[in-house]
Amino acid sequence: MRITFLHPDLGLGGAERLIIDAATALAGRGHQVTIVTAALDASRCFADVHPDRPVGAVPAVTVLPPPPLLPRTLAGGAAAALAAARMTALAAAVVGGVGAPRPEVVVVDQVAAPVLLLRAVGVPVVFYCHFPDVDVEASLRAAADHGSGGGGGGGGGLRRRVRALYRSVINRVESAGVRAADAVGVNSDFTRVAYERAYPGAPPSAVVYPAVRAVRVGPQQEPGAGALVPPVEEGGDAVNAADGAVPLTLLSINRYERKKNIPLALATLGALLADGSPRGLPPGLRARLRLIHMGGYDERLAENVELYAELAARAAAPDLAGRVSLLRNAPDAAVGAALATAAALLYTPTDEHFGIVPLQAASAGLPVVAVAAGGPLETVVHGVTGWLVAPTAEAFAGAAAKAVRGAAAAAAATATKTIDNRAASAVVMEEGGKGSRLKGDRRDGDCGDDDGGGGGNGGGGELVAERAAMAIAARERVAARFSMAALGRGFEGLALEAAETARRRRAAAWGAWLRSWWGG
């Protein structure tokens, strides 16, 4: 089946990751798949779709820039209306066979307006809903009203009325587009409930979870990525050499958008470092704490620029200075390296629609601290693969402290094994390879218990075991529920449903025409 995905901008985000993975999974099932997008920037895209990737790589990507008369915004406004117009223009090009043969099924996400055109010309359409646009707008409007105090003079009232009229038109178009789809998929049960509330009478939706693929692990530093782990400060509390003197890193991954609540990650680090913190981390562990935030960043978006500046200012404050790295558009290899070495992931958004990052962490065996609302309720099992807590620095710090203790114990156990193995190797060499002395040294040092539940570790073995069990449970859950195979089956089912629904609609239309003709 020829399947085309329409997506506005293949940047760095969860929606883009899902579309790329879905297209790849469908291609793996034998379908001819193309992603058609209006924008692809080599400096902020996933490696899978980078312009310099090998010729013939899957999935195929076609970039069709919209007409110059359709910019992203007009004087910083009208973004939603222009997005609808740009995507409709993209759909018209696809229907006309520009860039690829006319598809048998089109998958649309994020902007539903082009579904109306595709339905009018008889192309079966799947609409994949990351979250209802009308609900997103309501949330953003509430946040804006809260930030401005909800007041304002007569001018503000007029602006609100104009804005309300503008959004009512956009919402009507969006709702009509969703209802015109032949099949609808959503990314979570949380989104399914919001979809049914936002679009009564729309086609029933099927939950098709995003998939997780192993994130490629690369070097600790890559061109343009910056140092992944800030160096341990000279002076201050001594770091136990048995722990490898490595930083204990808390990781945060989200686009530089206010709704992602990134300041909570910095506040969590601050709470862990505060004198007299109830979290009870010893000075040696606090001295090693670091935070890395990685996120998609678009210098064209004022929100991204402003938020980054605010975060950088907070990171430079005396209590956090030298402990925070803010990375923009980090490559996949850098993200993989961070996931492989961090103590925990701090996932800070509230009511996130789904959130692929906690699953990437789970795939890497990394415990997750997330807000107990929205998508994480479906991706994080409290106390098993991570912790679901309130969106406060104290709550996050309490869970993060558990992860930090576990990571420190695991690092200490690894370091102890390394030291013991080196000592044992030296004994073997000294004795000409005789195993009797090696056995005696191991017994004398009692190193067989160093990573256990007692002995010299003082309970560190329990922490290591708990962390290992959490990693195993997280990986098993990802493999069972969020695989590429399941994603491919889900989208294939949506495509087949759309094609069958369109076929039945055409047959019904022909039947009605024949009945009217025969009766006339």
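Let me begin with a definition: a residue is called buried when its relative accessible area is under 20%, exposed when that area is over 50%, and partly exposed in between, using a 1.4 Å probe and protein chains only. By that criterion Glu257, at 16% relative accessibility, is buried.

The model before you is predicted, so local features need pLDDT of at least 70 and side-chain atom pairs count only at pLDDT 80 or more, while totals for chains, interfaces and linings use all residues. Residues are numbered from 1 along each chain as its sequence is written, and side-chain values use heavy atoms, with hydrogens and water left out.

My topic is salt bridges, meaning a side-chain nitrogen of Lys or Arg within 4 Å of a carboxyl oxygen of Asp or Glu. The structure contains 21 of them.

Glu257 forms one with Lys259, at 3.8 Å from N to O. Lys259 is partly exposed, with a relative accessible area of 42%.

A further pair is Glu306 with Arg258, at 3.8 Å from N to O. Glu306 lies in helix α9 (residues 302-315) and Arg258 in the loop between β8 (248-253) and α7 (263-273), 48 residues apart. Helices (H or I, at least four residues) and strands (E, at least two) are DSSP runs, numbered from the N terminus. Glu306 is partly exposed at 43% relative accessibility, and Arg258 is partly exposed at 39%.

Finally, Arg44 and Asp9 meet at 2.7 Å, N to O. Their loops lie between β2 (32-37) and β3 (60-63) for Arg44, and between β1 (2-7) and α1 (14-28) for Asp9. Both residues, Arg44 and Asp9, are buried.
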